[in-house]
Amino acid sequence: MKSSRLVSILLLLQTRGRMTAAQLAGELEVSVRTVYRDVEALAAAGVPLYGDAGHAGGYRLLDGYRTRLTGLTTAEAEALFLAGTPGPAADLGLGPVLAAARLKVRAALPAPVREHADRISGRFHLDAPGWYADTDAVPWLPAVADAVWNDRVLDVSYRRWREPTDVRRRLEPYGLVLKAGRWYVVAGPGPRTFRVDQILELSVLEEQFTRPDGFDLTEWWAGHQRDFHQRLYTGRAVVRLAPGVTLGRPVTVEGPADADGWVRATVPIESVDHAHGEFLRLGTGVEVLEPAELRHRIASTAAELAERYGSAPVWRPGPDALCAPRFLPYDGGCFAVPATGVAFTRCVGARCRHTEREADPMAHDPHPHASDDTPGHGHGHGQGHGHDHGGGHGSGHGLGHGHGHGTDIDWAEMAPHLEAQAELFTPLYERALSWLAKEITEPGLIVDAGSGPGVVSCLMAETFPGARVLAVDGSAPLLARAEERAARLGYSDRFGTLAGDLPGVLEDMDYPADLLWAGRSLHHLGDQRAALAAFADRLAPGGTLAIMEGGLPSRFLPRDLGFGRPGLEARLDGLEAEWFARMRADLPGSVDEVEDWSALLAAAGLKHARSRSFLLDLPAPLPDRGRAYVIDQLSRLRDSYADALDADDRATLDRLLDPADPAGLHRRTDLFVLAAHTVHTAVKAV
């Protein structure tokens, strides 16, 4: 110990010149009296060392005296000082040894070379551990290092990630590796790698081992890393990356960047779960295109975050029911208001004291109260139970079901009427399909279950130009209409039809669907849970089921018409809800079901359920086709509910439907169409 200290004093004086006894004691962490004794020992050994008294005094070497280390070039000395890693050396118990070695090397260097080495130390610093992580505690590292150096066998208690977590291992330590601030011991038999910070207990045995002939730690570690990455990244994702975004591993860029600088790339991924977290950390700098399951996972998380951090619309109670938002599904099993709030609230009529307010479409309640009167483009034919051209349950008086289920219907006669209704709602369907297109990339087969005259089927062919579309319906006349429409629009080469009852007819599909759409057809099937399971069964792995069910009651009229009792449409909503309950109860195999669509989709074995509502807002004054639609809907309501309406409401409807009445539907300028549909989606696991 004393000899090492003597050399340190000699080298300190050689590199720094004059130093006082107090300064030397501080550097060596000893007393001043110890320094006096060491200086006397150096002088006795013949070292030309002398001291000066006074304020500027101290010990110094005779000018020109130097112990030189020869053979080092300037570049070599710089490299030695750049390679110094005091942190890892301290972990290994070699901190003082490294400091002493650096000091000896520096002292032995010629002055010009020493200056270059000092520049390196002052301008470069190596900090191996990564950001945002605590340094691993490695109390057993010095003992492991000693065993590595002396080829001693270790008996360790080790904690691993899988069960059983705590195990005992006999290790033959070949070497230590510091990777990203974490120490690993490479040990036989195998060899295998073990994290040093996960060693709970350690005993160094007297037994020694023989290292394998030709074992090269650096070469083995490089091969181990290659094998690890090959085993780790077994999947792939297709993404779009913003300018400047990198993933820290090689990716395959497909083609040039677009106008905004984004590139399409294929990225190796460990798993959907791991990639989900990895890509979320990149924020808006990445868009996942494939696989669909990963895209849905990220979209679902983003929607949850938007819901959690977004501000829900504030509803203030109005004086009448028309101003009230809807929170519950029609067949509700509870009355609690969901945290997501209301899809939208709009008050109409000159006397309403509320302003128009539309909520964030991403914050819609996934289980809305009722559907509307929209055309639905022909549904429910698979059961031969009538047709949802007026909408579903609680459809806001849009009853197209006046014929009722189980009634013979001339679908060839109904087809133009249904087609015109669906065309009126095309903007809503386009927005819904555009949303789906962001989630589903390049589907091979799309199935429209309950297609009717094919308006939405053809919109799907337009939205997904590379997909084959199969329209499925129980009405041959409506399917013929769909085929004619597809041919007229140029889609006949990738457009097919399948006639039969839902959901059983789907068994006749040649191959599973990448997207199965059921637009307002599901509620025509008695056992909706079983139907969803059948739909899910016909999906390809990673395929998406999208059902359009629910929404909000449609509105056509101001609350106060200027005659009759205000609130006519709200009372029609009640009649429609009663009708819908009877219709559902009369279906063959009818099963009461709480319409919690997320839960029902999960019960069908699907994952990542999402919901979004889409608005159709045709303001006053309506175009002719919009006016014709309103007249048609209210005419059907008048005929369907004649016995249930009170005398005052019947008289109001009669006056509205009178072409000669100046306040009737044919002449009013305040008619509008306001409707909302909700689409629920989920994905089949890969």
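Tutor: Rings of Phe, Tyr and Trp pair if their centres lie within 6.5 Å. Keep in mind that this is a predicted model.

Student: The rings of Tyr-174 and Phe-209 have their planes at 50°; is the pair stacked, edge-to-face or tilted?

Tutor: Their ring centres are 5.9 Å apart. Planes under 30 degrees apart count as stacked, over 60 as edge-to-face and the rest as tilted. The planes of Tyr-174 and Phe-209 stand at 50°, so the pair is tilted.

Student: How many residues apart are Tyr-174 and Phe-209?

Tutor: Tyr-174 sits in strand 4 (residues 166-179). Phe-209 sits in the loop between strand 7 (199-208) and helix 9 (217-232). The pair links distant parts of the chain, and the separation is 35 residues.

Student: Are Tyr-174 and Phe-209 buried or exposed?

Tutor: Buried means under 20% relative accessible area. Both Tyr-174 and Phe-209 are buried.

Student: Which residue forms one aromatic cluster with Tyr-174 and Phe-209?

Tutor: Tyr-174 and Phe-209 belong to a cluster of aromatic residues.

Student: Why is the pair of Phe-556 and Tyr-629 edge-to-face?

Tutor: Planes over 60 degrees apart count as edge-to-face. The centres of Phe-556 and Tyr-629 are 5.9 Å apart. Their planes are at 80°, so the pair is edge-to-face.

Student: Where in the chain is Tyr-629?

Tutor: Its partner Phe-556 is in the loop between strand 18 (539-555) and helix 17 (568-586). Both Phe-556 and Tyr-629 are buried. The two are 73 residues apart, with Tyr-629 in helix 19 (residues 624-640).

Student: Which residue lies over the face of Phe-563?

Tutor: The distance to the ring centre is 4.3 Å. The residue over that face is Arg-655.

Student: Which are the edge strands of the open sheet?

Tutor: The open sheet has 7 strands, in the order 16-15-14-17-18-20-19, with mixed pairing. An edge strand pairs on one side only. The edges are strand 16 (495-499) and strand 19 (606-618).

Student: In strand 17, what is the bridge partner of Asp-448?

Tutor: Strand 14 (residues 445-449) and strand 17 (residues 513-519) pair in the parallel sense over 3 bridges. The partner of Asp-448 is Trp-517.

Student: How many residues has the largest nonpolar core?

Tutor: Trp-517 is among those with the most contacts inside this core, as is Leu-665. Leu-665 touches residues including Leu-557, Val-630 and Leu-634. The size of the largest nonpolar core is 59 residues.

Methods
Residues are numbered from 1 along each chain as its sequence is written. This is a predicted model: local features need pLDDT of at least 70, side-chain atom pairs count only at pLDDT 80 or more; totals for chains, interfaces and linings use all residues. Side-chain values use heavy atoms; hydrogens and water are left out. Two strands pair if DSSP finds at least two bridges between them. Helices (H or I, at least four residues) and strands (E, at least two) are DSSP runs, numbered from the N terminus. Rings of Phe, Tyr and Trp (its six-membered ring) pair if their centres lie within 6.5 Å; planes under 30 degrees apart count as stacked, over 60 as edge-to-face and the rest as tilted. Buried means under 20% relative accessible area, exposed over 50%, partly exposed in between (1.4 Å probe, protein chains only). A charge sits over a ring if NZ of Lys or CZ of Arg is within 6 Å of the ring centre and within 35 degrees of the ring normal. A nonpolar core is a set of buried Ala, Val, Leu, Ile, Met, Phe, Trp, Tyr and Cys residues joined through side-chain atoms within 4.5 Å. Contact means heavy atoms within 4.5 Å. Lists of a residue's contacts leave out its neighbours within four places in sequence.
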